[in-house]
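Hello,

Here is the structure I promised to pass on to you. Please have it open while you read, as my notes follow below.

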Amino acid sequence: MLLKELTEAFGPTGFEDEVRGVVRRELDAMGLSVRTDVLGNVIASTGEHHPGPRVMLDAHMDEVGLMVTHIGEGREDGGLLRFRPLGGVDPRVLVSKPVLVGERRIPGVIGAKPVHLQQPSEREKPIPMEKLYIDIGARDADDARRHVKPGDPVVFATTYEELPHRMAKAKSFDDRVGCYILLEALRRWKGALPVFGAFTVQEEIGLRGAHAAAYQIQPDIAIALEGTVAHDVVGTPAHGQSTVVGRGPAITVQDGQTVANRRFAEFLWETAKARNIPVQWRRVKGGTNDFGAIHRVGKGVLGGAISVPVRYIHAPTQVVSLDDVMHAIDLVVAVLDEIAKGGFRP
């Protein structure tokens, strides 16, 4: 299954090679024009010479992760790996999590001082990241160096699994779910319109790949396809939920870097309603996506974001509704169809 393959691929920020390989394989099978730029973005195009606005569909390939910074050499910490985050990782969710280190996927576990040995004051607050380490079972520093080195990336060792009620869990729905949606939309789209699919790098540390991709494409319209925060769990008031899993893809009104173009946001909404596709508004300001970089390129780019709600985003295990994913694909194809028919112009 493609979604399983994408989510289990090794691809923290700056190390998207394995994901890029899967994406290029799928695009090549579709017979699309495909290129990889100097940063590692994969850009596919179809209908480039057709009339109509140039539409850029974007999804980022990278996931949050960690990077090894030091191999302990002391009597107590010999062979243990210190690390720093790649992207926004909450240290509260890290203790005892299994991980994979480096391209060889060396298994390890994130460790910390046992609760039995902590002072009462230490138990009252989260363990800071600098007190955590990765244990790969090495006897000492020399043993560890045979397997890993500083600079090696680290990902969580969570596998894809489907849950009851059309739910699924994986380590990297942010944003492999967007990559999946983009691939399937390109596979289904058969219309006449200049459409560009950009699979970007390094979104999690500053939307870096998207800016370069948009500069090359020079789109008139752009849509970021994302996994977005859902906090629809016990104890959360409705106004704080952002999105609700299972109620369809979400359309952004405002986030940390953009205020939605009202005309385009309403076009997305009305297109969904006309096709009986469930849809919801993303109701909080925090966070952002690649459109935050894309809309500033050149003379400015009109567009927005279509996102799949993700519970426990940026955590070792994330949860989505597969129905939301399928509805997001339907919405992207419907939007392209409406634009091709002249239903929206920048």
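Asp174 counts as buried, because its relative accessibility is 6%, and buried here means under 20%. Please keep in mind that this is a predicted model. Asp174 sits in helix H4, which covers residues 173–188. Beyond its neighbours within four places in sequence, Asp174 is in contact with His60, Asp62, Glu63, Glu204, Glu226, Gly227, Ile313, His314 and Gln318.

**The residues UniProt points to**

Which residues does UniProt list for "binding site"? The unreviewed entry gives Asp174, Glu204 and His314. They are spread over 141 residues of sequence, yet they cluster in space, with a largest C-alpha distance of 9.9 Å. Asp174, Glu204 and His314 also belong to the lining of the second largest pocket.

His314 is found in the loop between strand E16 (302–311) and strand E17 (318–321). Is His314 buried or partly exposed? His314 counts as partly exposed because its relative accessibility is 21%, and the cut-off for buried is under 20%. Not counting residues up to four places away in sequence, His314 touches Val64, Gly88, Asp174 and Glu204. With Gly88 there is a polar approach as well: a polar atom of the His314 side chain lies 2.8 Å from the backbone oxygen of Gly88.

The annotation "active site", again from an unreviewed UniProt entry, covers Glu203. Glu203 lies in the loop between strand E12 (195–200) and helix H5 (208–217). With a relative accessible area of 6%, Glu203 is buried. Its contacts, leaving out residues up to four places away in sequence, are His60, Asp62, Glu226, Thr288, Asn289 and Asp290. The side chains of Glu203 and His60 are joined by a polar contact of 3.2 Å.

**The second largest pocket**

This pocket holds about 300 Å³ of space. Its lining is made of 19 residues, and those nearest the centre of the pocket are Asp174, Glu203, Gly287, Thr288 and His314. Strand E13 (residues 221–230) supplies the largest share of this lining, with four residues. By type, the lining of the second largest pocket has ten polar, six charged and three nonpolar residues.

**The cavity**

How many cavities of 30 Å³ or more are there? The count comes to one. The space in the largest cavity is about 70 Å³. Its lining has 14 residues, with Thr252, Ala260, Gly303, Gly304 and Ala305 nearest the centre. Strand E14 (250–252), helix H6 (262–274) and E16 are the elements that each give two or more residues to this lining. The residues lining the largest cavity divide into seven nonpolar, six polar and one charged.

**One more residue to look at**

Glu338 is in helix H8, residues 322–340. Glu338 and Phe267 are 71 residues apart in sequence, and their C-alpha atoms are 9.3 Å apart in space. Not counting residues up to four places away in sequence, Glu338 touches Phe267, Thr271, Arg275, Gly343 and Phe344.

Definitions and conventions. Residues are numbered from 1 along each chain as its sequence is written. This is a predicted model: local features need pLDDT of at least 70, side-chain atom pairs count only at pLDDT 80 or more; totals for chains, interfaces and linings use all residues. Side-chain values use heavy atoms; hydrogens and water are left out. On a 1 Å grid over the protein atoms alone, a cavity is a set of points where a 1.4 Å probe fits but cannot get out, and a pocket is an open set with protein on both sides within 12 Å along at least five of seven lines; lining residues have an atom within 4 Å of a point. Grid points are joined across faces, edges and corners, and a volume is the space filled by probe spheres set on the points. Ala, Val, Leu, Ile, Met, Phe, Trp, Tyr, Cys and Pro count as nonpolar, Asp, Glu, Lys and Arg as charged, and the others, Gly among them, as polar. UniProt positions are given in the numbering used here, feature names are shortened, and annotations may be inferred rather than shown by experiment. Buried means under 20% relative accessible area, exposed over 50%, partly exposed in between (1.4 Å probe, protein chains only). Contact means heavy atoms within 4.5 Å. A polar contact is a pair of N or O atoms within 3.5 Å; within protein, one must be able to donate a hydrogen and the other to accept it, and residues adjacent in sequence count only if both atoms are side-chain atoms.
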